[in-house]
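Subject: Structure for your review

Dear colleague,

Please find below the structure I am handing over to you. My notes on it follow directly after.

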Amino acid sequence: MNAGAKVKLLLKRPRINAASKAHSTHPIWFIVPAFFFLIIFFIVPTVLNFVYSFTDWSSFKTEVNFSGFSNFSQLFSSGNLVADLRITILYAVLVAVFQNLFGFALALLLERDTLLNRIARASFFIPVIMSALAVGYVFQAVLEPKGPVNSIFSFFAGRPVEIPWLYSTTWTIVVVSVIHAWKWMGLAMLIFLAGLKTIDSEVLEAARIDGASWFQTLRTIRFPLLAPAITFNVATSLLGSMNSFDIVQATTQGGPGGTTELLNIYIVRAFGQGLFAQATAMSLVLLIMVMVLAFPLIWSLRKREQIL
Amino acid sequence: MLTNALQRPSRIFQPLAVLLTMIFSLGVPFWVIIVTAGKSAVEARQPNLALPSQWEFGKNISTTFSEGNMGVASLGSLLLLIPSVFGVLLLGAMASWVLARRKTRGLSIAYTIGISGVIVPPAIVPIVLLLKQIGLQGTPLGLIGVYIGMYMSTVIFFITGFIRTIPIELEEAARVDGANPMRVFFRIIFPLLGPVVATATILVSLFIWNDVFYALFVVGGRLDTLPLNLYQVASSGLYLQNWNLIFSYILLMTLPMLLVFIFAQRRIISGVTSGAVK
């Protein structure tokens, strides 16, 4: 049988066979091993998260009983729930702001394709590949009261400067979010650079001929056209930093006075103390917060893109 | 003419600005890592910008091996990394192929579930409970399963999108020649996935190599990995503020990923930016 006849035969087949044809050419068992791991190690625990949040599971008891909302009311009355939720959201917002600000500034600075710029771009990506825990320890050392950063400030100020970067109950949350942004700014930079590259150079040339200044072009043409890159960067930095742990653990361990205690820091601490149900309840709070923010965030940012 | 006049000062100031930004934002932390990793314990107690009076680099490195279990921890990290990456990429690619090619309602629901982990954070405490019940808590095998489950979504998301761009005619030609699905996948599709598999491999390796959070819950205290040991070395009272050892450790554990980055720079950069700016 030649190829032409084969095609004819395929075309003649009744419509009903389409499904069984797909079944034999792309068999369903190909997805089974992947979904085995996904379901056992990801989906089932996520579902269990809802169940165990309403139990009294702990290391002090042998049996697990349902306890209604008692974990949540305990977390609420102890003040941990509101405080940690507030700190986590503040941290995520600050990270999103700084990371995108730094990344955008770097992208504009390093836009042209020169040798120095290429070296700089690669260098700013090094923190992205470093361990977040390691970055945290590096900054713990660098920001010590008598450490390198203060000694540089002292040099320029002409007098000894000893700013307690990591020991302020008001400002340390800002400092740790700047560290987080420092680690990831290279990624934001790359995405902004890729976004800038997609902008048609003729549009920019036309604006320039019309006498638009660099800043005008940036504000009215380039910035709006960067919408997809901004969407991606804001969404990933905001949602990614909510699940953060390493940097804060390495720099402040949630201190001073619990002012940088993210949800994940609490979860590790509660788990270490054997309060499994409370840790689970808090991780449910994290899960719900991420979901509640993720969908409207992605939806509204996408919508803004369509308008522009 | 006017634009030239405006650009001329920026030709001088731009490189200057780049150099200053690099010195203050990257230079200071990197310099502190390197000089401190070369100092003696006494000199390193107070981290500063000064050069070591005598480089004790070799001694610090050997201490991280003898007392910080650097060697064992490297093996532990590799023991987790290799099977996890291999498993998640192979199984993820297989699933992605069928998810990309078949368009039934059931499979589109499966795809949505499949990529849910891109946004939803893993529920670590119930994971520990589940591992306890199936007897895998505290074992490398348990953590490998967790990593595979956790990064499966990212892999499916990346690879499904890529397979949709491969013309189906390539498969059909092989099928007409009598190749079964296994053969079509491994001979035709899998070799074409090179770029996306390379990118996903690097990204997943980066996450696993640097992970301390999930490792702490599942194998903390039972298996040495590089980030776990760094965490223990840095937070145990014995080594407190032994910055020379901490920074030697950081330098050594960053080195493999730095080498990968240097050699696969273009792939990593195109990988992380693809899809973000469309």
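For the complex, the predictor gives an ipTM of 0.89 and a pTM of 0.89. This is a predicted model, in which local features need pLDDT of at least 70 and side-chain atom pairs count only at pLDDT 80 or more, while totals for chains, interfaces and linings use all residues. Residues are numbered from 1 along each chain as its sequence is written, and chains are lettered from A and ligands numbered from 1 in the order in which they are written.

Between the chains, 75 residues of chain A are in contact with 73 residues of chain B (contact: C-beta atoms, placed from the backbone, within 7 Å). Helix α3 (residues 32-52) of chain A supplies the largest share of the chain A side, 15 residues. Helices here are DSSP runs of H or I with at least four residues, numbered from the N terminus. By class, that side of chain A holds 55 nonpolar, 15 polar and five charged residues. Ala, Val, Leu, Ile, Met, Phe, Trp, Tyr, Cys and Pro count as nonpolar, Asp, Glu, Lys and Arg as charged, and the others, Gly among them, as polar.

Within chain A, the axes of helix α5 (residues 80-109) and helix α9 (residues 172-197) come within 6 Å and cross at roughly 45 degrees. The axes are lines fitted to C-alpha atoms over the stretch in contact, and angles run from 0 to 180 degrees between N-to-C directions. α5(A) is therefore oblique to α9(A), since angles under 35 degrees count as roughly parallel, over 145 as roughly antiparallel, 65 to 115 as roughly perpendicular and the rest as oblique. The residues of this contact comprise 21 nonpolar, five polar and no charged.

Two loop residues of chain A may also interest you. M130(A) lies in the loop between α6 (115-129) and α7 (132-142) and counts as buried because it has 21 C-beta neighbours inside 10 Å (buried: 20 or more; exposed: 12 or fewer; partly exposed: in between). Not counting residues up to four places away in sequence, M130(A) touches V135(A) and T254(B).

Q253(A) sits in the loop between α13 (246-251) and α14 (263-272) of chain A. Although not a glycine, Q253(A) has a positive phi of about 55 degrees. With 16 C-beta neighbours inside 10 Å, Q253(A) counts as partly exposed.

With kind regards

Methods: Contact = placed C-beta atoms within 7 Å.
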